[in-house]
Amino acid sequence: MTHPAFYEFGSPVRVVSGLTALERIPGLLEDLGAARPLVITDKGVRAAGLVDVLTGALGNGLEPGGIADEVPPDSSVAAVREVAHRFREARCDGILALGGGSVLDTAKGVNILVSEGGDDLMAYSGAGALKRRLKPLIAIPTTAGTGSETTLVAVIKDAARQVKMTFVSHYLIPDAAVLDPRMTLTLPPHITAATAMDALTHAMEAYTCLAKNPQSDAAALAAVALIAEHLPRVMAAPGDAHARLALANAATLAGMAFSNSMCGMVHNLGHAVGAVCGVPHGTCMAIFLPYGLEYNLHKNGPLTAELLLPLAGPEVFARTPAYHRPFRVIEAVRQLNRHLRERTAGRHACSLQEVRDARGQAQIPRERLPEIVAAAMRDGTAIYNPEDLDREDVLMVLTQAWEGLPLDRTRVRQG
Amino acid sequence: MATRWEYRDHGPIREILRCAYLTPMLWFMGRAVAAAAAVDTDVRREFDTLPTPFTFALGVWPAGPAMVVAKGADGRVRYRGGRTAGVDIDLLMQIKHLETAFQMFTFRESTATAFARNRLLVQGDVANAVPVARVLDMTEVYLLPRVIARLAVKRIPRWKPWRTWIGRLRIYWRTLWGY
Ligand SMILES: [Fe+2]
């Protein structure tokens with residue numbers, strides 16, 4: 001097992017997982033010294049009835065100070081300001097963030113403003129700008145994927161200046177994550193598939209990229225095993241609460257792994273496609289994951305090989321000769337993608353050209369690949385990727401992923 | 001015996017020697033980055049993706065040797081000295097320990113590995129650290145002989161030999177004598 005000469009790992013999130021996890025929230029809040037939380041969520045989550053489930057579970061003992069459901073699909077500075085205003089008006093003292101990635105990002109942004117005071121998020125952007133603890137924040141994820149409930153990052157869009165601000169601080173890590181299958185039971189199949197592939201990518205990149213360490217490895221391997229076993233179950237029986245809970249656990253574990261070990265080129269390319277074409281993050285992850293493993297093969301093949309055990313089980317692992325294991329892992333990920341495409345009647349895309357928006361229009365025209373290349377060159381995850389990526393390399397990978405063809409390994413340039 | 005573990009107390013002399021090595025090294029590196037920006041189009045292109053004006057610093061935490069490099073309002077890249085105090089810095093990268101800095105600048109640990117091992121404290125917009133890391137890598141490829149550069153970067157770019165050699169001469173000339 002790889003053991004770096006130096007590393008840091010931290011995951012202070014208290015995890016409460018179970019079929020009645022929501023009922024623990026009043027107790028958690030009490031431990032954190034909060035009694036009047038603001039629920040931050042979005043309209044979709046509310047329409048799915050999840051806010052009612054949450055308030056029902058809180059019981060009579062705890063009355064939220066308010067429910068702010070105005071979080072847009074892409075977290076924005078304006079929304080953060082508005083919700084922070086509501087927090088102050090209602091004299092709240094803690095936050096319950098109920099939703100996916102953008103709700104969590106917004107909640108973290110709100111927490112910065114209500115804890116530090118003022119209205120100027122800009123002053124706290126970047127890494128290391130926050131210097132002290134913020135107000136209690138409990139995350140209740142409604143997708144099993146992003147892992148935001150364990151991460152130290154928030155990304156918030158500033159529409160006026162046309163930039164995405166990134167906030168990085170240990171103080172942004174939520175105090176607790178509440179994983180309850182009631183929150184993910186109604187997730188539609190194609191979103192279940194995409195978000196689970198995001199979690200799988202977090203685990204696999206954390207395990208195979210440069211910043212891996214024994215702590216994150218343990219979490220990553222557990223996440224891969226849980227997803228491999230339970231994702232097909234959930235796709236076959238969406239109402240399977242135990243399998244749903246297993247996926248939620250996998251996402252949290254993968255989040256712990258990658259928020260400490262970072263991720264590599266799969267996220268690099270995915271962020272770029274997301275930024276240029278507005279494609280959901282999980283969709284990009286599913287498409288790029290096999291390519292990332294393939295591209296880095298000459299650097300981290302033995303690590304990729306180790307993933308075969310949690311991914312395919314001990315029989316397949318033992319049956320496969322060592323040199324062939326990394327290729328089996330890549331093939332298994334591609335197979336999983338095809339299985340998910342079948343299960344979602346084609347909505348789960350396996351190549352960039354298959355990605356469609358809500359109206360069925362192709363979302364990634366080939367002509368936009370150069371734009372995506374430019375965006376990829378400015379993404380921080382590049383640093384943690386085992387092999388270097390320049391513009392030509394990115395374009396080569398994007399072209400193959402657009403077509404849905406495996407990488408031509410002879411075209412991957414080695415030092 | 002090679003395997004025997006032995007505690008060695010490194011006194012202040014070692015620290016002074018490390019600083020005595022790192023200070024001119026960072027001075028050289030800082031000036032070389034400015035030179036590379038003027039000489040090489042790929043380095044220039046990375047600087048173009050950074051905001052204007054933009055100042056970044058690489059140094060040893062908390063107040064060890066450092067290099068400060070700035071892209072001015074005119075777009076020109078200049079070395080701005082070895083002190084971070086009192087300078088308005090957009091991106092501050094600090095190596096957590098003197099010993100680590102020594103490892104990095106004797107090219108026994110690559111910049112990427114140092115990042116991966118969480119050996120640097122980064123303050124500022126993280127997205128800007130990416131072009132900066134690329135600039136540092138390319139500058140090292142110019143400055144160092146191939147065998148050593150291989151230890152410092154993930155992959156040696158496939159430049160034409162004349163590009164490496166003419167670039168290397170021009171960058172060394174500008175670094176040593178200014179322009
Ligand atoms: Fe992700």
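Helices (H or I, at least four residues) and strands (E, at least two) are DSSP runs, numbered from the N terminus. In these terms, P62(B) falls in the loop between β1 and β2 (66–71) of chain B.

## Basis of the model

This is a predicted model, in which local features need pLDDT of at least 70 and side-chain atom pairs count only at pLDDT 80 or more, while totals for chains, interfaces and linings use all residues. Residues are numbered from 1 along each chain as its sequence is written, chains are lettered from A and ligands numbered from 1 in the order in which they are written, and side-chain values use heavy atoms, with hydrogens and water left out.

## Backbone of chain B

Most residues other than glycine have a negative phi, and most peptide bonds are trans. The peptide bond from W61(B) to P62(B) is cis, with omega near -5°. Another cis peptide bond links T52(B) to P53(B), with omega about -10°; P53(B) is in the loop between α2 and β1 (54–60) of chain B.

F107(B) is a residue other than glycine with a positive phi, near 60°. The loop between α3 (98–105) and α4 of chain B holds F107(B).

## Interface of chains A and B

Contact (heavy atoms within 4.5 Å) between the chains involves 32 residues from chain A and 28 residues from chain B. The size of an interface is often given as the accessible area lost when the parts come together. Buried area here is the accessible area (1.4 Å probe) that two parts lose on being put together, summed over both. For chain B and chain A it is about 2500 Å², with 49% from carbon and sulfur atoms.

Four salt bridges (a side-chain nitrogen of Lys or Arg within 4 Å of a carboxyl oxygen of Asp or Glu) are found across the interface of chain B and chain A. K96(B) forms a salt bridge with E8(A), and their closest N and O atoms are 2.6 Å apart. On the side of chain B that touches chain A, at least two residues each come from α2 (41–48), α4 (111–116), β5 (120–123) and α5 (129–143) of chain B. The largest share of that side, five residues, is supplied by α5(B).

## Aromatic rings and charges

Rings of Phe, Tyr and Trp (its six-membered ring) pair if their centres lie within 6.5 Å; planes under 30 degrees apart count as stacked, over 60 as edge-to-face and the rest as tilted. Over all chains, the whole structure has seven aromatic pairs. One aromatic cluster is formed by W27(B), F28(B) and Y172(B).

A charge sits over a ring if NZ of Lys or CZ of Arg is within 6 Å of the ring centre and within 35 degrees of the ring normal. In chain B, the charged end of R168(B) sits over the ring of W165(B), 4.6 Å from its centre. In chain A, R334(A) lies over the face of Y291(A), 4.9 Å from the ring centre.

## Surroundings of F317(A)

F317(A) belongs to helix α13 (residues 314–319) of chain A. Leaving out residues up to four places away in sequence, F317(A) touches A305(A), L308(A), L309(A) and R325(A).
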